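Open the model in your viewer and keep the selection panel at hand. Each stop below names something to select and then says what is there.

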Amino acid sequence: MGGKGSRGLHVINPRVEYLRQAHLYVLNNNNKVLPYILCHKGLVKESNPKMSKNGVLKEHNKTFLDWFKDTIFADDNASKTLRKLANGPKRNVTTWQGYDINKYSFYTKSQDEKSTMQNSGVTLRAESQHFASVHDDNPHVASIPHFGFMGEIWELNYVKFTVCVSKCKWVDSNTGVQTDDVGFMLVDLKKIAYQNDPFIMAEQAKQVFYVQDPSDETWSVVQHGKTIGVNVEDDDSYIDTYVSPLST
């Protein structure tokens, strides 16, 4: 789903580890790359037969980018798209303070602080694997909503195409999210987690805004964001959204 920047264009040179994080997330959410992901995980498991699923996943995330690049460039039949993806994005990244996508007008949190409107709240429903410990070999898979703010909006340049990702700050879904007695979703915006998994595809984002709970200022009530040209009451895009894992 296409989007466009609306304000605050800048070009940055982010830290390499953040750029690799964003690139890995793009690959994990591309159907053309999925067979290679499954193959690489299989190879990691085969090379480490005693390694737990959690360990395999960590080793996969650590080594997949280089393996994928070597594999694609050794294949004369690989498509141009796969070659561009394997080569990774350019070092310079275009960022935006405002971005229109999914019929929402998003701002970053820093842009929100300059505005009278709140446009940085974001949610997505992610199916994630949860490990009880590093030795856990039977992860629990759950689909749960995540809530947070857009910290930065990046356009990654793969030469022939660009991919927009959002670097977000997420509320801890275990301790910072609850449902009250009448069914309202509440979040504690001070309980931030998942710092190692900040990125999502911008096209996955749904907008929310937060209203402080008058009965307990620790908590904020989650409300729908305002879509462009769509009545909030008629927009069910916030419900039952599935995306690739936010945190694995």
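Select K4 and D100. K4 stands opposite D100, which lies in β4. This is a predicted model, so read each stop as a description of a prediction.

Now widen the selection to the two strands. β4 covers residues 98-101, and its pairing with β1 is antiparallel, over three bridges. In general, the strands of a sheet pair through backbone hydrogen bonds, in parallel or antiparallel fashion.

The three strands make an open sheet, ordered β1-β4-β5, with antiparallel pairing. Which strands stand at the edges? They are β1 (4-7) and β5 (104-107). Each has a single partner strand, so one side of each lacks a neighbour in the sheet. Look along the sheet for its twist: the average is 30° from one strand to the next.

**Next stop: helix α3**

Select residues 53-73. This is α3, a helix of 21 residues. From first C-alpha to last, α3 reaches 28 Å, close to the 30 Å expected at 1.5 Å a residue. Where does α3 bend? Go to T63: the bend there is about 50°.

Now show side chains on α3. The buried residues include N54, G55, V56, L57 and H60. Further along, F64, L65, F68 and I72 are buried as well. What do these buried residues pack against? Colour three helices to see the partners: α1 (16-28), α2 (34-47) and α4 (80-87).

Centre on L156. Leaving aside residues up to four places away in sequence, L156 touches L19, A22, H23 and V26, among others. Its contacts also include P89 and V93.

**Last stop: the whole protein**

Clear the selection and zoom out. The protein has five helices and 14 strands. How much of it is buried? Of its 248 residues, 43% are buried. Finally, turn to contacts with a separation of 6 or more: residues 24 or more positions apart account for 65% of them.

Terms used:
Residues are numbered from 1 along each chain as its sequence is written. This is a predicted model: local features need pLDDT of at least 70, side-chain atom pairs count only at pLDDT 80 or more; totals for chains, interfaces and linings use all residues. Side-chain values use heavy atoms; hydrogens and water are left out. Helices (H or I, at least four residues) and strands (E, at least two) are DSSP runs, numbered from the N terminus. The expected span of a helix is 1.5 Å times one less than its number of residues. The bend at a residue is the angle between axes fitted to the seven residues ending there and the seven starting there. Buried means under 20% relative accessible area, exposed over 50%, partly exposed in between (1.4 Å probe, protein chains only). Contact means heavy atoms within 4.5 Å. Two strands pair if DSSP finds at least two bridges between them. Axes are lines fitted to C-alpha atoms, for helices over the stretch in contact, and angles run from 0 to 180 degrees between N-to-C directions.
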